[in-house]
Amino acid sequence: MSDDLAQFRAEIRAWLEQNCPQEMRDGAVGEDSTCWGGKNWNFTSDAQKTWLDRCAAKGYTVPTWPVEYGGAGMNRDQEKIWHEELRAINGRLPLQSFGIWMLGPALLHFGTHEQKLHYLPPIARGEIRWCQGYSEPGAGSDLASVQTKGEDKGDHWLVNGQKIWTSYADKADWIFALIRTDREAKKHLGISFLLIDMTSPGVSTKPIRLISGKSPFCETFFDNVEVPKHQIVGTENRGWDVAKYLLTHEREMISGSGLLAGGNRSLGAILSDGGNLDEPVLRADVMRHEIDGLAFGLTLERYKDQAEAGTGTGDASAMLKYYGTELNKRRQELIMAGGGSDALTWEDGRAPLWLRSKANSIEGGTSEVMLSIISRRILGLPG
């Protein structure tokens, strides 16, 4: 390690020790401990708000974003150090959001300077919460078949249609959505990427209940919603370019869910507390999963380094998403197996997580679609 990076690590370590509240040093990663931000967000404690405010002031909620857009301007090596030192104190991430994981990277790549200045700093400060308007009742895996339409009315689009599986739409302030703005063009063309205020007249949501007992999903309806022309990202009718780029980041985010599911604790440690590791076969399966998880974590880091070098992850995001979701499903299966009959009680929390993990192979692109991308675009197999 260079002297500059060693000094940077010392500075980050000292800052964390001085600024991270003790209450935020429990390594918690569950829904109840996550700070999503937004205009309607209710902080679970004063410590959670203090932690967000202090990190946002330094740009640490989005470490690699440029300083002028609310970030800390870190390079890849510095970002690694930030996360390593945060894990070392078992610290929580100060903020998580679709704005950080998905919209932010798309805006940085396709947005105008004015759009970046307007939308990115509020995301970094946790002031605006976003949701994603992609899937429709008739357009899931075949996403380019979206039919929610936007009619050109001069200075605005008039949007009508429906989205489904819109995570946290009932809590979001804004939505980024794929809208068909040219019904005569081929389906991959004629789509625009629009940013829509959820408080606009004509926008409504309806929650969707899941078997797991809890659900972030909603249906979202647009009834003559007026969207100003300046709220388009990229080129009119070329929103598919933005959508594809954003999907690579969404798949990377989903792929890492299995590695983050236990916070800083290993699967073995979790099962030692609430399971039975006396069975040799289970111990072997847990160890195999731990090794596969470590290998996958290194693979993710390698692709992130390549992306930093300018090559991006591209189609490899399908490979990462597929393996990451399979890894998380295996993890939840092992937790259930280790818990035995005790894990079947709903209040325990293990059964709902096990059921929820099944959706990992659907959201962000089904496993079948991911395998198709891998076979055709990575392995070069014939169609």
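**Cores and charge pairs**

Me: Leaving aside neighbours within four places in sequence, what is Trp 130 in contact with?
Reply: In this predicted model, Trp 130 is in contact with Phe 98, Gly 99, Leu 103, Tyr 119, Ile 123, Ala 172, Trp 174, Ile 175, Phe 176 and Leu 195. Each of those counts because contact means heavy atoms within 4.5 Å.

Me: What makes Trp 130 stand out in the largest nonpolar core?
Reply: That core has 38 residues, and Trp 130 is among those touching the most other members, along with Leu 103, Tyr 134, Phe 176, Leu 178, Phe 193 and Leu 195. Helices H4, H5 and H6 and strands E4 and E5 each supply at least two residues, and H4 gives the most, with six. Membership takes a buried residue, so Trp 130, as a member, has to be under 20% relative accessible area.

Me: Which residues does the second core include?
Reply: Cys 131, Ala 169, Leu 194 and Phe 222 are among its 17 residues, and this core is separate.

Me: Now for the charges. Why is the Lys 163 and Glu 136 pair called a salt bridge?
Reply: The closest N and O atoms are 2.8 Å apart, and the cut-off is 4 Å, so the pair qualifies. Lys 163 sits in strand E3 and Glu 136 in the loop between strands E1 and E2, so the bridge ties together parts 27 residues apart in sequence. Buried, too: that goes for both Lys 163 and Glu 136.

Me: How do you know that Arg 288 and Asp 285 form a salt bridge?
Reply: Their N to O distance is 2.9 Å; anything within 4 Å passes, so this one does. Both lie in helix H9, three residues apart, about one turn of the helix.

Me: Buried, exposed or partly exposed: what is Arg 288 called, and why?
Reply: Arg 288 comes out at 45%. Buried needs under 20% and exposed over 50%, so the value falls in between: partly exposed.

Me: What about Glu 79 and Arg 76: what makes them a salt bridge, and are they buried or exposed?
Reply: The N to O distance is 3.0 Å, which is within 4 Å, so the pair counts. Both residues are buried, which means each has under 20% relative accessible area. Glu 79 and Arg 76 both belong to helix H3, three residues apart.

Me: How many salt bridges does a search of the whole structure find?
Reply: The search finds 19.

Methods
Residues are numbered from 1 along each chain as its sequence is written. This is a predicted model: local features need pLDDT of at least 70, side-chain atom pairs count only at pLDDT 80 or more; totals for chains, interfaces and linings use all residues. Side-chain values use heavy atoms; hydrogens and water are left out. A salt bridge is a side-chain nitrogen of Lys or Arg within 4 Å of a carboxyl oxygen of Asp or Glu. Helices (H or I, at least four residues) and strands (E, at least two) are DSSP runs, numbered from the N terminus. Buried means under 20% relative accessible area, exposed over 50%, partly exposed in between (1.4 Å probe, protein chains only). A nonpolar core is a set of buried Ala, Val, Leu, Ile, Met, Phe, Trp, Tyr and Cys residues joined through side-chain atoms within 4.5 Å.
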